[in-house]
Amino acid sequence: MPNALAKETSPYLLQHQDNPVDWVGWGDEAFARAKAEDKLVFLSIGYSTCHWCHVMEHESFESDEVAGVMNENFVCVKVDREERPDVDATYMAFVQATTGQGGWPMSVWLTPEGKPVVGGTYFPPEDRGGRVGFKRMCSEIGRLWQADRERMEESAEKVMNHLRTESTADAVVSGLPDQKVFGDFIDHCESMFDPEWGGWGGAPKFPRPVVPRLLLQLADRFGGEEGEACLQMVDRTLRTMAAGGMHDQLAGGFHRYSVDRYWHVPHYEKMLYDQGQLALLYLEAWQASKDERDREVVEGVFAYVLRDMKDAGGAFHAAEDADSLPPEGGEKKREGAFWTWKSKEIYELLNPKTAGLFCAAFGVEEEGNARPESDPHQELVGENTLFRAASDEMLAEQFGMGVDEVAAELGRAGKVLLEARMKRPMPHRDDKIVTAWNGLMIEALAKGGRVLDRPDLVEAARVALGFLKSELWDGEVLWRSYRERRGTVPGFAADYAFLISGLIEMHAADPSGGWLDWAKELQVALDRAWWSEERAGYVLRPELGGEVLMEIREDYDGAEPAANHVAAENLLKLAVLCDESAYATRGEAILRAGTRTMEKQGFACPVLLGVLDLKERGVAKVQVRGRLEAVLAEKLRETYLPRAVHAAEDGPGEVILCEGEVCKKWE
């Protein structure tokens, strides 16, 4: 019989509905049951496209023996971190503080009051490689709860009080930092930069688009040698990412991250928030450099998202899994199975000359092309992750062909392989609609439509916004997610902030659509729901039994930008678009509260540094008056203006640029 998760809508929770574990969802009922049954709560947090979550499920949660130990000792609770980022952040703080690391699946044992006792991430089913086995861990923790409860409760109380103290310290609102923080950021980027392969740091290597986007903005700020240094780091990173296996060479779009420094072998899952942010990055890079390769990458991302990630209602799905059944058959899923190729498969699909050309172009080798350090578990032996190993010019010389002939032949071959790939067993799709991530994608589509003169992209953004407004906005509250029906979790600060950012960009693409009015409504609701005067920012406030577990003010721009930082940028832009200084006052409060972070850890908050630049140089208002001549319209679309907001009114066909109190004609 399915467990209680069968009534949920989250794909991650539904994946566990047939486990022999007596799973329940997060809520007061689970903890009341734990108290009544005199048990600890075992909390497992993950997401549906998480590889190691799948591994732990298969090894432990599908085991009748392990499930018996779990059910005997604990009330077992499953949480989808994408639905409940507040719960995830609360207990991730505990796991990181007590183990020095974090990740998913997250495994935490809690008292019936929700206070953490023991935590970790993945556990093997039995003792292995120096790691305690999960079954033994469950048995021992269950025994200690009965034999030494007082000490466990005392320890949990101390830890929870410490975490609350750390998380709820009032913000120190001081003056804004000196512009030295920008130079410090550039110096830090240069010290960590990989000059050969681009990116910052070694393996694993994450795209983290917020870093190169700020470097583009600082190149605009400084110009000269300093600006050129920024542009060189961005260009090298974008070229190597686009050429690597992290970039889907057949279908467009990007995988989550690279397990090596070469951007070659990726962790194969595809996340919507990456597509939106990377599309914006490559789009702005194209504006700044006019390198057509950047435009090609952007077009590929949009093609992938609109073809493969679009929901029937017009909004966008959350993710595609890394794991799938191998094309040659079998019952065990393998990471990358959908995406990788054996050399012989390519020669079976293409004529020998074209196959030879394609394999040379994309680094295909008979024994597989994963370096040993990129495949420590030897899962990719004989498999090839496509990456661009040779340019069209090199191939033309090698194969005695014209450059255009090479490009055309590779294009035709790519279509044949993509068609064949689509017949393979498909990876799992997490088809829930997350409001925040849709906001990021809508921002990219709206800006892409305006910059590339693609009305179809603007229309896609409009349809997605229509879905969010009808299904996830009730006029008072924005909701976090949708799958078959609206979820039960109200939206968090990120949902509001990312959607407002998308609406500001949509206003630029479609000034008469009423998008700015909705953005203002959402800003009021965001302030009402999540603003903390003491913290000078927006916070997460997970509750249990009517009490706040912890108040968390996030200020790290990681895989997703911090909601506070995006909100601060929105507020400065709304102040100019709406001519209301109250927005700027709140935006500056967030900035001032982040001064210490900008001074001490600028690399952690590139979005906030970008907001500081907006504050110092000012938000520029681009006023389009009437219908522009084609040449002027094209120039405006293609000019990189990182500080600009856009508005429109009737007029003689001209562009007016206003900065502060000074307005002038832009030509």
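1. First, the ground rules. This is a predicted model, where local features need pLDDT of at least 70, side-chain atom pairs count only at pLDDT 80 or more, and totals for chains, interfaces and linings use all residues. Residues are numbered from 1 along each chain as its sequence is written, and side-chain values use heavy atoms, with hydrogens and water left out.

2. Start with the cis bonds. Most residues other than glycine have a negative phi, and most peptide bonds are trans. Trp104 and Pro105, however, are joined by a cis peptide bond with omega of about 5°. You'll find Pro105 in the loop between α5 (85-99) and β4 (106-110); helices (H or I, at least four residues) and strands (E, at least two) are DSSP runs, numbered from the N terminus. Another cis bond runs from Ala203 to Pro204, with omega near -10°. Pro204 sits in the loop between α8 (180-192) and α9 (210-222).

3. Next, positive phi. Asp38, not a glycine, has phi near 60°, and its place is the loop between α2 (28-37) and β2 (40-46). Asp579 has a positive phi too, about 55°, in the loop between α21 (563-578) and α22 (581-593). Are they buried or exposed? Asp38 is partly exposed, at 33% relative accessible area, while Asp579 is exposed, at 71%. Here buried means under 20% relative accessible area, exposed over 50%, and partly exposed in between (1.4 Å probe, protein chains only).

4. Now back to α8 and α9. Their axes come within 11 Å and cross at roughly 125°; axes are lines fitted to C-alpha atoms, for helices over the stretch in contact, and angles run from 0 to 180 degrees between N-to-C directions. The two helices are therefore oblique to each other (under 35 degrees is roughly parallel, over 145 roughly antiparallel, 65 to 115 roughly perpendicular, the rest oblique).

5. Who makes that contact? On the α8 side it is Phe182, Phe185, Ile186 and Cys189, and on the α9 side Val211, Leu214, Leu215, Leu218, Arg221 and Phe222. Contact means heavy atoms within 4.5 Å. These residues divide into 9 nonpolar, no polar and 1 charged (Ala, Val, Leu, Ile, Met, Phe, Trp, Tyr, Cys and Pro count as nonpolar, Asp, Glu, Lys and Arg as charged, and the others, Gly among them, as polar).

6. Last, have a look at Ser44 in strand β2. Ser44 counts as buried, because its relative accessibility is 0%. Leaving aside neighbours within four places in sequence, Ser44 is in contact with Tyr12, Trp23, Phe61, Val77, Lys78, Val79 and Met106.
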